[in-house]
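Please read the points below with the structure open beside you.

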Amino acid sequence: MARKVIIPMELKYDFALRAYTSIYKGFFYAIREECDAATAFKVYERLCKMGDRIKNLANFVLTVFKIEGNDVEAIDKWFDIWAELMGMERIILEETKTFSKAKITKCNVKTEFKDIDGHCLIFTNIIFNTINPKAIVERPKGMCAGDPYCEFIAKIEE
């Protein structure tokens, strides 16, 4: 007879999140160690673009949460949801339809090695491009680069 184990949803979420971040960081560390940081970036970008993985994720979140529009406010809503799903702490410091500045003070995918500190921009650029191809993201500060927090600036230039 098969037994059904009841596991609280919070525990399932915590398990899934820890497994995801462990594999994510482990991927970078293993390729970086075996090859180099540039190869880790190249392989990760290829993985993100294969089968439109991240583009499909972006569209899924847009649809499920009924995010409309393609301005910076829509992009920020998307990342607010992503931050909540990932257990990140994200604060919007400034926001208009064409500009925003956000600060991340807790990030589960923060890496230990400074030579792979730009990994998040691969993912972020795909999300931005999916929502609005004219959107640009900059990250002047990054925890993976040794800063106390990450700062992301989003712009849409006409």
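1. Helix 3 passes helix 5 in a right-handed crossing, where a crossing is left-handed if the near helix is turned anticlockwise from the far one by less than a right angle, and right-handed if clockwise. Helices (H or I, at least four residues) and strands (E, at least two) are DSSP runs, numbered from the N terminus.

2. On the basis of these values, please bear in mind that this is a predicted model, in which local features need pLDDT of at least 70 and side-chain atom pairs count only at pLDDT 80 or more, while totals for chains, interfaces and linings use all residues. Residues are numbered from 1 along each chain as its sequence is written, and side-chain values use heavy atoms, with hydrogens and water left out.

3. A search of the whole structure finds nine salt bridges, a salt bridge being a side-chain nitrogen of Lys or Arg within 4 Å of a carboxyl oxygen of Asp or Glu. One of them joins glutamate 45 to lysine 49, with the closest N and O atoms 3.0 Å apart; both residues lie in helix 2 (residues 37-49), four residues apart, about one turn of the helix. Glutamate 45 is partly exposed at 33% relative accessible area, and lysine 49 is partly exposed at 47%, where buried means under 20%, exposed over 50% and partly exposed in between (1.4 Å probe, protein chains only).

4. Arginine 90 forms a salt bridge with aspartate 80, the closest N and O atoms being 2.5 Å apart. This pair links distant parts of the chain, with arginine 90 in strand 1 (residues 89-95) and aspartate 80 in helix 4 (residues 72-86), 10 residues apart.

5. Val5, Ile7 and Leu11 form a nonpolar patch on the surface, with about 270 Å² of accessible area together. Patches are made of residues with over 30% relative accessible area and no salt bridge, like charges being joined within 9 Å and nonpolar side chains (Val, Leu, Ile, Met, Phe, Trp, Tyr) within 5 Å. Valine 5 sits in the segment before helix 1 (9-34), and it is exposed at 62% relative accessible area.

Technical notes. Accessible areas come from the Shrake-Rupley method with a 1.4 Å probe; for residues, only the protein chains shown count as cover.
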